[in-house]
Amino acid sequence: MSKAQWKYLPIVVALSTALPTSALAEEIAAEQNGADSNADNSITITGSRIKRNDIYSSTPVQSLTSEDIEAGGTVDLAELLTQIPGVGYSLSPESTGLSVQNAGLSTISLRGLGGDRTLTLINGRRVVSNSGNGERVSLNSIPAGFVKNIEVTTGGASAIYGADAISGVVNIILRDSFDGIKANYRYGTADASGETENTLDFTFGKNFDSNRGNFMFGFSYDDETEVLADDTRPESIQAIAFAGAGLPFDVNLSSHILGGRFEGDDAWNQDGVWFNDQSLAPLDGRDASDGYETPLDGFNFRPGRSLSPAVEVLASAMTTHYDITDEVTLFGEVYFTQVETISTNAPRSATSGTDIGPAGDSVDIGSMSSSHPFIPAEVEETRSGSVSWVRRFAELGMDIKNNQRDTLRTAVGFSGLLDNGMEWTSSVAYGKFEQNQTQINALNYQNIQFALNIEDDGSGGFQCEDADARINGCVPLNIFGTGTVTEQMADYIRYTGRLNQEREQLVVSGSMNGDWFETNAGTAAVAFGFEYREEDQKTVGDPDNVVEDTSISVVPNLEAGFEVTEVFAEVDIPLSETFSAQLALRAGDYSTVGNVFSYNFGGSWTPNEDFRLRSQFSRSQRAPNITEFFSAPRGDFDALDDPCTGLNSDGTGVDASIAANCLNNPGLQAYFANPDNAGVAFDGDGSVFGPNSGNNQLKEETADTFTFGAVITPQSVPEFSLLVDYYHIEIDDAIGTISTQDTVDLCYNAIDFPANRFCDVVTRDASTGEVAEVINRDENLNFREVEGIDLTVNYKLSSDSVPGDFNFRLIYNHSLTNEMKFDGLEGVELSDFNGEIGDPEDRARTSVSWNLNDLFINYTWRFNSGGVDDNDLTTLDEDYFETGSQSYHDIYVSYRLDGPGSVQMYGGVRNMLDDLGPILPSGLNNGSSRNIVSSLNSTIGREFYLGLRTNW
C-alpha cells in the first residue's frame with residue numbers, strides 16, 4: 001500500500017462502515033420534493049452501478065436537469081457545464097482557432113486535469129471519441145434538446161467505469177422514451193457583431209403494442225455564425241502586448257506587412273506608398289536612415305480573425321425498446337451528428353528565410369537575384385546585393401480552417417429480470433467518427449520559390465526559370481508593393497490542405513446488479529460485469545505536404561489501435577442502521593501496457609437526520625490512448641517567449657548565462673553575422689511549430705483520490721441543504737508533455753547546454769536563429785496534484801406573505817493545490833498553477849429563481865477569481881502581471897400559455913452588463929493576440945435570445 005493510501009486509511013476505515021450511497025442529485029431532489037425516504041424508488045445514479053433507495057453518495061455528484069439546461073440560456077452543453085465550479089474547458093471553440101487538428105472542438109476537463117482524464121458517457125456507456133488526437137467527446141456533437149439530464153461525478157471513478165475516469169465522469173443521459181410531440185425554436189443574437197444563432201429541435205415518440213414498446217425519433221439543427229474581431233469589440237483588435245509590470249501595454253504589430261519589407265528594414269511598402277532608408281523617409285519626423293520600424297509601420301493582423309468559429313450542427317436520433325416478455329426487454333439506439341466549424345485567421349505570410357523541407361534538413365525559399373526584373377527603384381536605391389524579403393499575402397484571402405465532423409453512435413442489447421430479483425443487461429455498441437478538414441488559402445512555399453526565380457521569355461515578358469515548374473503552370477510572382485499579386489499569381493502559390501481522421505469503437509459489455517444477501521442491518525447489494533473494447537484510429541495527412549513544402553503543418557499518417565478486456569465488481573454491505581461498507585474493483589488487460597487494476601472503498605455515516613459524513617479513497621489507473629502511445633510528431637503551433645529575445649551581438653540584453661548559450665547557437669551566430677541585422681537586437685518571440693509526439697515506451701499513470709465531506713440537512717429548516725467536500729488527487733507517472741515554453745527555457749538556462757534532453761527537441765533556423773520546432777513528446781512525468789474544497793447550498797422557500805416559490809443555489813470551489821513536478825536538469829522541477837490566470841483559486845455560481853403559476857424567472861451570477869500570470873514571479877519582477885476577479889450576470893424568463901397542449905414562451909439575456917472581461921494580450925503566459933479569449937473573458941459580450949417550446 002502506498003504512502004498516500006496509508007495517510008487517508010484511518011479516516012476512510014472509520015467511515016467504511018457507513019450508510020449506503022446514492023447520488024447527490026437524488027438526495028437533494030428527495031429532500032426538496034418531500035419524498036418519502038422509505039419509498040422504493042431505487043434508481044441508478046452516476047458514480048455507482050448499484051440501484052439503491054434511501055441511501056446517499058460517498059462521492060459528490062452534481063446534476064443538471066433539462067430545466068437547468070433550458071434556463072442556462074445556451075445550447076452549448078460544454079458552455080453550460082463549465083459554469084459549474086470544478087468543471088472547465090479542455091478545448092473550446094474559442095481556444096482552438098489555431099489548432100491543426102482540434103479547431104472547433106468543445107470538450108471539458110474536471111479539476112483542471114485535462115480532457116483525457118475526464119470520461120464522458122452517454123446513457124452510462126462509453127462512446128467513440130470526437131477527436132483525432134485524444135479521448136474526448138465534443139459536447140457540441142450532442143444537441144441540448146435530446147438531453148434529459150447530466151450528472152457530473154468529481155472523483156476517481158476508474159473502478160466503476162474504467163480508465164479515463166481519473167478526475168471523474170460526465171454522464172449525459174438522453175431521452176429514450178416519449179409519447180407525443182415536442183418542438184422548440186430559439187433565436188439568439190449578440191449585442192455586438194456576429195453570434196446570430198438559430199436552433200430548431202423536434203421530437204416525436206409513440207408507444208405501441210399496448211405500451212409494451214416505444215419508438216422515438218428526433219432531430220436538431222443549430223446554426224451559429226462566426227464572431228470576428230472588429231470595432232464592435234474594440235478590445236479584440238487593439239494592437240498591444242504586455243510591456244512589463246506597471247507599464248502601459250506596448251504597441252504590437254506584425255513586421256510581415258501587406259506591401260512587403262525588403263533588405264531587412266531598408267525598404268517597405270505601406271498602403272501602396274514606398275519608403276526606404278535613403279530618400280523616402282516617412283513623414284513622421286524620423287530620419288531616413290532609421291528605416292522601417294514595426295511599432296510605426298507594422299501590420300495589425302487582428303481585424304477579421306475568429307473570436308468564435310461558425311458552427312453548424314445537424315443531429316438525429318432514433319431509439320426504441322420493446323418488452324419481449326415481462327422479464328426481457330430489447331432496446332436499440334442510433335445517434336448521428338454532423339458538425340461543421342469554420343474559423344478564420346489572418347492571411348498567411350512568408351519570408352526569404354522561410355524553410356522548405358523537414359526540420360533539420362530544410363532550405364530557405366531564398367532571396368531574389370540582384371538582377372530580378374521586378375525590383376522597383378525604391379528598393380534598388382537601397383539594395384547592396386540580392387534582395388531579402390518579408391511579405392504577407394493578403395491577396396490570397398484570410399486563412400480559413402473548415403472542419404466537418406460526422407459521428408455515428410449505435411447500441412443494441414437486452415435487459416431483463418431474473419427470478420431472484422437480479423437485473424441484467426447486455427449490449428453491443430459501435431461508434432464511428434470521421435473528420436475531414438480543409439485549410440484554405442495556405443501558401444505553397446515551393447511554388448513561391450519557383451515563381452520568384454524568373455527569366456526573360458524572349459517575347460518581351462518573363463517566365464519561371466524551372467522548366468518543370470512552367471509545365472505545372474508556374475506564374476512569375478511580383479511581391480513588390482501592395483496588391484501586386486494578381487489573381488493568377490495568387491492561384492499558383494495558393495495551397496489547399498486536407499486532413500482526414502477516423503475513429504472506430506466497438507464495445508461488448510454485460511452486467512448484473514441487485515440484492516445479494518441479507519445482514520442484520522439490511523440487504524447487501526452487488527453489481528458485476530465485463531467489458532470488451534476495441535479502439536482504432538486512422539489518420540491520413542495531406543498527401544502533397546509530407547516534407548513541409550507549404551504553410552500548413554505536417555500531420556503524419558497513423559493507423560493504430562488497441563483492445564482491452566475488463567471485469568468489474570461493486571458491493572454495498574450495510575453493517576448497521578447507520579453504517580455500510582462499499583467497495584469496487586476493476587481489472588483490465590490492455591494490448592498496449594498489459595494489466596491495470598483500479599479499486600475504491602468508502603462510505604458514509606448518518607448519526608441523525610440533520611447530518612451525514614461521507615468519504616472515499618480510490619486508486620485509478622489510466623492507460624495511454626492511441627495518440628499518446630503511437631503517434632509520430634504531428635503539427636501544432638504554440639506561443640513562445642524566446643529566452644534569447646533582446647540579445648545583442650556583444651552578449652548584452654539578456655542574462656549572462658543565457659546569452660552565452662544563445663550565442664553558441666549557429667542560427668543566432670548567422671543572425672548577427674548578417675549585415676542587415678547590424679545593431680538590431682534579436683527578437684524570436686511569436687508562434688512556433690510545436691509538434692506533439694507519442695511515445696510507445698509510456699506506461700499507465702496511477703491516481704490516488706481521497707474525498708471527505710459532510711451533508712447538512714437541518715430538519716428545523718425545511719428544504720435547506722449544505723454540502724461540503726474536500727478532495728485530493730495525486731497522479732504518479734502522469735502522462736503529459738513539458739510545454740514548449742518550459743522546454744526552451746530549460747534548454748537555454750542549462751549549464752550543460754546543449755547536451756541535455758530539452759535541447760535535443762529544440763531546433764533553430766540556421767539562418768535567422770528563430771526557433772523552428774520544439775517537439776512536445778508525451779512522457780510519464782513525475783507527479784500531478786490537485787486539492788480543494790467544494791461547497792453547495794440549496795434552499796427552497798415558500799411564504800404565505802410573498803406569492804410564488806423561491807429557489808436559491810450556490811456552488812463554490814476553492815482550489816488549494818494545483819501543481820506538476822517533473823525531472824529537470826538539476827533535480828525535480830515544480831510548476832505551480834494554483835491561482836494563475838486560467839487556474840483560479842475560487843469559482844462560484846449562484847442562481848436565484850422565482851416561480852408563480854406559469855411564470856418563471858431565474859437570475860444567475862458567475863464568478864471567477866483573477867490571478868497572476870506566472871507564480872514563479874514576484875511583484876518586483878518586470879514580467880509580473882496580475883488581474884482581478886470577474887463576474888457575469890444572466891437572466892432567464894419563461895411563461896406558459898393556456899390552451900391545448902403546452903406552449904411556453906421564453907427569453908433572456910446572457911452577460912447583462914456586456915462585460916468582455918480583462919484584456920490579456922500576447923506577451924503573457926496566459927494571454928494571446930486576440931486579447932479577450934481567456935477563461936476569465938466573456939468573448940461574445942451581451943447576448944439576447946427568444947424562443948418558443950411546444951409539447952403535444
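**View 1. Gln621 in its strand.** In this predicted model, Gln621 is part of strand β33, which spans residues 611-622. The relative accessible area of Gln621 is 12%, and because this value falls under 20%, the residue is classed as buried.

**View 2. Polar partners of the Gln621 side chain.** Two polar partners can be followed from the side chain of Gln621, one of them a backbone atom and the other a side chain. The backbone nitrogen of Phe597 is reached by the Gln621 side chain at 2.6 Å, while the side chain of Thr702 makes a polar contact with that of Gln621 at 3.1 Å.

**View 3. Surroundings of Gln621.** When neighbours within four places in sequence are left aside, the residues in contact with Gln621 are Ser158 and Ala163, then Val596, Phe597 and Ser598, and finally Glu700, Glu701 and Thr702. Phe597 and Thr702 in this list are also the residues that the Gln621 side chain meets at 2.6 Å and 3.1 Å, respectively.

View 4. Strands β3 (107-110), β4 (118-122) and β29 (522-540) each give two or more residues to the lining of the second largest cavity, with β4 providing the largest share, 3 residues. By residue class, this lining comprises 7 charged, 6 polar and 4 nonpolar residues.

Key: Residues numbered from 1 in each chain as written. Predicted model: local features only at pLDDT ≥ 70, side-chain atom pairs only at ≥ 80, totals over all residues. Heavy atoms only, no water. Helix = DSSP H or I, 4+ residues; strand = E, 2+ residues; numbered from the N terminus. Buried < 20%, exposed > 50% of the residue type's maximum accessible area, 1.4 Å probe, protein only. Polar contact = N/O pair within 3.5 Å; in protein donor to acceptor, adjacent residues only side chain to side chain. Contact = heavy atoms within 4.5 Å. Nonpolar A, V, L, I, M, F, W, Y, C, P; charged D, E, K, R; others polar.
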